[in-house]
Amino acid sequence: MTSSLLTDLYELTMVEAAREAGTASRRCVFEVFTRSLPEGRRYGVLAGTGRVLDAIADFRFDDADLRYLRGTGALKEETLEHLREYRFEGDVHGYAEGELFFPTSPVLRIEGTFENAVLLETVVLSILNHDSGVASVGSRMTTAARGRPCIEMGGRRVHEDAAIAAARAAYLVGFASTSNLAAGAHYRIPVAGTSAHAFTLLFDTEEDAFRAQLTSQGKGTTVLVDTYDVETAVRTAVEIAGPELGAVRLDSGDLEAQAGDLRELLDSLGATSTRITATGDLDEYRVEELADAPLDGYGIGTRLVTGGGHPAPGFVYKLVEREGSDGQMHPVGKQSENKATLGAGKAAYRLLVGGKARAELVLPGEAEVAEFEQELTASLMSGTSSPDWAQTSLRPLQVPLLLGGEPVDDLRAPERLLAGRERHAASLAELGISADEGPDGPAAIPTVTDGPEAARILG
């Protein structure tokens, strides 16, 4: 199956009109960025880059696609024949998957002719907006969990394909496992799951249900203890399994109060190593409230896979530079109110002081970066720089992903995911955000668009 119809009609009609006007082959630079973070979000997490690369590789028009397009009557036969030969042949640079982003961060830069690059807009935004929405809230949840493992279990709340992508995005930002078998199979994410209330209700007694589960799955399984009376269920499970019972799960009620009582009960029964897992409409705020409860892990679903109230970061795909009739490249950008775009392809760096992030440096072209580096070097050599200057470094954020339409790496999907997981952990550590600060706050670092402003931040 191709990905070419995962787009909007106007992408194709624009190509047709540009070809007729003789401008379709002009070189162009498109950038993907968001103008702001959702209220209360301190950062965003880029996810879906690996899926974007797969979608670009599959973006071609086969006979079935062209037959459908011909039937719409929206395009001329000459255009359809041109689309038959379409392959993306440009370059893509972008932030590594798992990297943090801030307002105006150019997380993806697509370079090619207009007709080659504009067609990718919809599918790129569809993937990045969905996956980054899940990853951004998921990162907040794993931070609030303070090292306790989180299980992604929201597949039944979204479209079946979105469920796989959501599980992938959650694992990227530190979730320990997923309940979704398709995600486990495709991305090699650890899978987890034991039983639901329906299993307990199937049997004549709760004791019969627990005995059947423990016989089948072993003493290390997790039993669900709130179908009827929690205390009775726990006593029954420990009586059957002994102190080797793996875990118990709470899915309703006052989780904080129940967790404390349950821990005392388990300890009194000798099940001191039996873990307690909490589920039931959890989000980062609820996990934060449970920070002091004796819980050993969380299962999180709806609020994770739907983006926690912000299902899309608002990424846009904008033309920022294009070839003119003079053969030279020129910055361009819409100037409409509240939606102005800074023209020119941009370079992005994380400004670090002593290994900690201080700013997102987004500069048009390499000249501004060179100017800032010269100022930094001159200050250090003169001996008049502050200690901050002496510890300053710029970490490049954009890496080549596709060159001439071909992938730069040959990593498989699971390998890309693991690399993104490592990148996210390292980038988050640079921010130095503590879970004790709570989920919400202002943007963790400012976005800086010129060298002198960066110098002022360093004092």
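Sorted by class, the lining of the second largest cavity comes out as six nonpolar, seven polar and one charged residues. Here Ala, Val, Leu, Ile, Met, Phe, Trp, Tyr, Cys and Pro count as nonpolar, Asp, Glu, Lys and Arg as charged, and the others, Gly among them, as polar. A cavity is a set of points on a 1 Å grid over the protein atoms alone where a 1.4 Å probe fits but cannot get out, and lining residues have an atom within 4 Å of a point. This is a predicted model, with local features needing pLDDT of at least 70 and side-chain atom pairs counting only at pLDDT 80 or more, while totals for chains, interfaces and linings use all residues. Residues are numbered from 1 along each chain as its sequence is written, and side-chain values use heavy atoms, with hydrogens and water left out.

The second largest cavity holds about 80 Å³ of space, a volume being the space filled by probe spheres set on the grid points, which are joined across faces, edges and corners. Of its 14 lining residues, P38, R41, F101, S136 and P313 sit nearest the centre. Helix α6 gives the most to this lining, with three residues; helices are DSSP runs (H or I, at least four residues), numbered from the N terminus.

Residues lining the largest cavity include R42, Y43, R140, E288 and P439. Again α6 (residues 121–145) turns up, supplying the largest share of that lining with three residues. By class, the lining of the largest cavity has six nonpolar, three polar and three charged residues.

Notes
On a 1 Å grid over the protein atoms alone, a cavity is a set of points where a 1.4 Å probe fits but cannot get out, and a pocket is an open set with protein on both sides within 12 Å along at least five of seven lines; lining residues have an atom within 4 Å of a point. Helices (H or I, at least four residues) and strands (E, at least two) are DSSP runs, numbered from the N terminus.
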